[in-house]
Amino acid sequence: MVQSPTDQCIVLPFRAENRSSFDGTGLALHFLLGNVLALHTGLEEMWFGWRVKKIFPEKAALQRYIRDAADTLDLFRVSRSQQVRLWLFGNYSDSSVRLHFFDGQAPDVRHPPVELPVSIDDGLIAFRTQLMKWLESTGRPMPKAQVQAALWPETLGRAGLDAAGRALEGFYIYSAYGGDGPLDVSPFKQAVAEAPESFIAHDLYGWALYRNKDYTGAKRAFLTALRINPAGTGAMSGLMWCGVYGKDLEEAMFWSGRKADICRQDVQAAREDGRRRYEKANP
């Protein structure tokens, strides 16, 4: 078990540098890096999806940011309002993501950006390896015990990146701003069809089904995701919540504890957190 971290870091969606039309690549790569940082024991868990509406109160503002690289975000103001210290942001091209780092406690310190290669052929291993080397250079190294867990082969080809990112945009919009009826799961099915061995695609499909209260279907998708990436903490969170709302106490406690184990946290305390969530939802 490691000491509880205090700093949080949000990965913002990456925007296209030179594209006349939108595709989902930048969103898919942003979500991939979010899954890497979730394993970083020096950072407190913080997902962009948790703060979408607080950062972008209106749907149109979110879509402008995602689709227009010229659109700006005052990170100093947002960092203060959200009480989140660290931010990763950048633009992508066919070959790389140019990644920038912002520290809300030291806003005047300029960190050199890094080019992360969009390495499709190696399962995006070089992409993540370069990220972790860069994190070390900023003084926030990924603990060695977590590095290998963060390097599962992610088989999102070009079409899979596009499909997963488009599905993720729909998920953010529906979750933050609502919609008429259930969430349309067809984009998530398309992502799985384009990348059937992708953790990201199956994890997103699980969250879409969960959002529609299809806990049985969501559980199947999350378990498939974990077969591909056994350290997928987001899928473990999904399985914990499926246990909570599917009224399976042991499942809720098991996956809460399993996620803590992967993140080198207190397993017994996490199991009790799972119990408390279950009892709150099922009084």
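Predicted model: local features only at pLDDT ≥ 70, side-chain atom pairs only at ≥ 80, totals over all residues.
**View 1. The largest cavity has a volume of about 130 Å³.** A cavity here is a set of points on a 1 Å grid over the protein atoms alone where a 1.4 Å probe fits but cannot get out, and lining residues have an atom within 4 Å of a point. Of the 15 lining residues, Cys 9, Gly 34, Leu 37, Met 46 and Trp 47 are the closest to the centre. Strand S1 (9–11) and helix H1 (25–37) are the elements that give two or more residues to this lining; both kinds of element are DSSP runs, helices (H or I) of at least four residues and strands (E) of at least two.

**View 2. The second largest cavity holds about 40 Å³ of space.** Its lining is made by Cys 9, His 40, Leu 43, Leu 86, Leu 88, Phe 101, Leu 135 and Arg 140.

**View 3. Phe 199 sits in helix H9 (residues 199–211).** Phe 199 is buried, with a relative accessible area of 0% (buried means under 20%, exposed over 50%, partly exposed in between, with a 1.4 Å probe and protein chains only). Leaving aside neighbours within four places in sequence, Phe 199 is in contact with Asn 35, Trp 152, Glu 154, Ala 225, Ile 228, Asn 229, Gly 232 and Ala 235, where contact means heavy atoms within 4.5 Å.

**View 4. Tyr 210 and Tyr 245 form a tilted ring pair, with centres 6.5 Å apart and planes at 55°.** Rings of Phe, Tyr and Trp (its six-membered ring) pair if their centres lie within 6.5 Å; planes under 30 degrees apart count as stacked, over 60 as edge-to-face and the rest as tilted. Tyr 210 lies in H9 and Tyr 245 in helix H11 (residues 233–245), so the pair ties together parts 35 residues apart in sequence. Tyr 210 is buried at 13% relative accessibility, while Tyr 245 is partly exposed at 39%.

**View 5. Phe 254 and Trp 255 make an edge-to-face pair, with ring centres 4.9 Å apart and planes at 85°.** Phe 254 is partly exposed, with a relative accessible area of 41%, whereas Trp 255 is buried at 13%.

How values were computed
Residues numbered from 1 in each chain as written. Heavy atoms only, no water. 1 Å grid on protein atoms, 1.4 Å probe; cavity = no way out; pocket = protein on both sides within 12 Å on 5 of 7 lines; lining within 4 Å. Points joined across faces, edges and corners; volume = space filled by probe spheres on them.
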